[in-house]
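Keep the 3D view open as you read.

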Amino acid sequence: YKLTDGVTSALQCHGGSADAAAYHQAFDPLPHLVNHGVSTKLMRLRRRARSPKRRLRLAERCLDDGALALSHSIEYQPTPPEELLLWAELAARRDVPLFLHLRYSSPEQELVGVREAVDLAERSGCHVHLDHLHSTGATWHMAEAIDIVEAALARGARLTACVYPYTSWATYLHSRRFDPGWRERYGIDYEDLQVVGSDLRLDRAGFRRGRRRTWKLVAVPEGTMSRTKTLLPALERPWVMIASDGGIERAKRANNHPRGAGTFATALA
């Protein structure tokens with residue numbers, strides 16, 4: 001399926017793995033038609049260790065074991081700016097990218113997250129990649145986000161971004177994206193939420209039940225993001241590439257899918 005789209009590499013650099021050695025032990029022996037790789041999943045690594053020094057050692061080990069990058073989702077797991085700078089400085093020392101799912105997805109704050117990522121790139125010198133910019137960071141302000149990034153690029157910052165080629169998104173129902181105010185933010189309601197892997201649509205009661213679980217993956221309808229104002233302007237920029245937001249694990253039911261197993265896939269000519 002991916003090969004027919006011209007994709008030659010499937011790189012898990014949105015979620016990734018907190019144990020690159022185990023990832024390669026599981027995946028490398030399998031028959032592959034595409035190149036594959038994984039990043040260091042900082043969300044899981046941070047849950048394993050409280051000490052910043054211990055976290056840095058675990059991340060270093062993951063990189064030593066073949067991880068291609070560092071990746072973090074600071075909307076799902078808010079992290080102090082001073083710690084983010086430590087990760088960015090590590091990425092700079094090891095000359096690997098830092099993949100960031102930005103901090104905000106609201107109209108009022110999304111550009112704050114873009115500016116935070118730019119600031120990290122400029123302060124550390126690392127290559128920062130902005131994950132799915134059109135759904136987290138520039139859903140409502142793509143023109144302004146492009147201006148912010150391109151001004152930083154002109155100053156010498158190393159920045160790239162990706163968008164997925166569709167105007168909907170999916171995530172876990174217990175995540176912060178569905179904190180109070182989500183209906184107003186995204187202009188959708190309970191019945192617009194579809195449980196991934198089924199035809200089930202939610203109602204208010206189903207939403208409340210799902211919020212108490214840690215596995216309920218739901219999708220918003222096509223058109224939640226503007227194709228003409230958000231997606232297409234991003235794709236006109238040479239520093240923006242197309243990515244998927246799925247997973248390349250061995251077959252699992254959609255709602256038994258490990259959290260954060262995003263795939264960054266790019267066609268290499």
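**From surface to core**

L235 has a relative accessibility of 33%, so this residue counts as partly exposed. The cut-offs explain the label: buried means under 20%, exposed means over 50%, and partly exposed lies in between. Keep in mind that this is a predicted model. L235 is found in helix α9, which covers residues 227-235.

Now go inside. In soluble globular proteins, nonpolar side chains tend to be buried together. Here the largest nonpolar core has 50 residues. Which of its members touch the most others? They are L70, V114, V128, L130, L133 and L159. Take V128 as an example. Setting aside neighbours within four places in sequence, V128 is in contact with L98, L100, A117, A121, R158, L159 and T160. There is also a second, separate core, made of 15 residues. Its members include F178, Y186, I188 and V220.

Next, the aromatic rings. A pair of aromatic rings is described by the distance of the centres and the angle of the planes. The structure holds ten aromatic pairs. One of them joins W182 and Y190. Their centres are 5.4 Å apart, with 75° between the planes, and the pair is edge-to-face. Both W182 and Y190 are buried.

W182 also pairs with F207. Why is this pair called stacked? The ring centres are 5.0 Å apart and the planes meet at 25°, so the pair is stacked; the cut-off for that label is planes under 30 degrees apart. The pair links distant parts of the chain, 25 residues apart. W182 sits in helix α7 (residues 182-186), and F207 sits in helix α8 (residues 204-211). W182 has a relative accessible area of 4%, so it is buried. F207 has a relative accessibility of 7%, so F207 counts as buried too. Both W182 and F207 belong to one aromatic cluster, together with W140, W169, F178, Y186 and Y190.

Finally, step back to the whole protein. It has nine helices and eleven strands. Of its 269 residues, 50% are buried. Among contacts with a separation of 6 or more, 76% come from residues 24 or more positions apart. The protein exposes about 12,900 Å², and carbon and sulfur atoms supply 51% of that area.

Conventions
Residues are numbered from 1 along each chain as its sequence is written. This is a predicted model: local features need pLDDT of at least 70, side-chain atom pairs count only at pLDDT 80 or more; totals for chains, interfaces and linings use all residues. Side-chain values use heavy atoms; hydrogens and water are left out. Helices (H or I, at least four residues) and strands (E, at least two) are DSSP runs, numbered from the N terminus. Buried means under 20% relative accessible area, exposed over 50%, partly exposed in between (1.4 Å probe, protein chains only). A nonpolar core is a set of buried Ala, Val, Leu, Ile, Met, Phe, Trp, Tyr and Cys residues joined through side-chain atoms within 4.5 Å. Contact means heavy atoms within 4.5 Å. Rings of Phe, Tyr and Trp (its six-membered ring) pair if their centres lie within 6.5 Å; planes under 30 degrees apart count as stacked, over 60 as edge-to-face and the rest as tilted. Accessible areas come from the Shrake-Rupley method with a 1.4 Å probe; for residues, only the protein chains shown count as cover.
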